Amino acid sequence: GALFRHFPTRAAMLNEAARSAVALLEATIPPASLPPLERLQRFLAARSALAAQHPGLPQLVFSEQFGKALPPKGARALRGVVLRTRDFLAEALAEAGRRGELRDDLPPEELALVVLGSLLARALLSTFVPEAPSRQADREAAIDGLLRLLAPPAPSGHRSSKQGARA
């Protein structure tokens, strides 16, 4: 019905869904001119807010069924934004690591997967568990926790106050 009044074919409708998803995701990638840690923080805040505003978007982007249903044009566009996101993260993490702002003891490509996985898991959890936190303060706390995980490791022999309390 009604959808085909706006789209001549199923392929056109799916390509538009992919184009819309790509535009939303691209808008969360900050300019490369910003310092790496600020780029990462802005990205995390923007992508978390996007997932809260459009709860089905992360599921859609990583849906095997959606990927199979998409025409080649839409599939290329969606795959492209996912790869650009991964590359953006790896670059920002590598640069922040070189500056000593974040850990440099693990490959930035692996850390990028940790970041992407954390964002996706949080978004999926909020979709499936209605009481999962989606308020801005909760998103900020989650981002803070992720940044602490990405922080440079403490010198060997040094224990954090939380570790020391458990020992």
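Which side chain meets that of Arg 39 in a salt bridge? In this predicted model, the partner is Glu 95, with a distance of 3.1 Å from N to O. A salt bridge is defined here as a side-chain nitrogen of Lys or Arg within 4 Å of a carboxyl oxygen of Asp or Glu. The pair links distant parts of the chain, 56 residues apart: Arg 39 lies in helix H3 (residues 36-53) and Glu 95 in helix H6 (residues 72-98). Arg 39 is buried at 4% relative accessibility, whereas Glu 95 is partly exposed at 23% (buried, under 20% relative accessible area; exposed, over 50%; partly exposed, in between; 1.4 Å probe, protein chains only).

The structure holds ten salt bridges. Another of them joins Arg 103 and Asp 105 at 2.8 Å, N to O; Arg 103 is buried at 18% and Asp 105 partly exposed at 41%. Through shared partners, salt bridges connect Arg 39, Glu 95, Arg 99 and Glu 101 in one network.

The protein contains nine helices and zero strands (DSSP runs numbered from the N terminus; helices are H or I with at least four residues, strands E with at least two). Of its 167 residues, 32% are buried. Among contacts (heavy atoms within 4.5 Å) with a separation of 6 or more, 68% are between residues 24 or more positions apart.

Residues are numbered from 1 along each chain as its sequence is written, and side-chain values use heavy atoms, with hydrogens and water left out. Local features need pLDDT of at least 70 and side-chain atom pairs count only at pLDDT 80 or more, while totals for chains, interfaces and linings use all residues.
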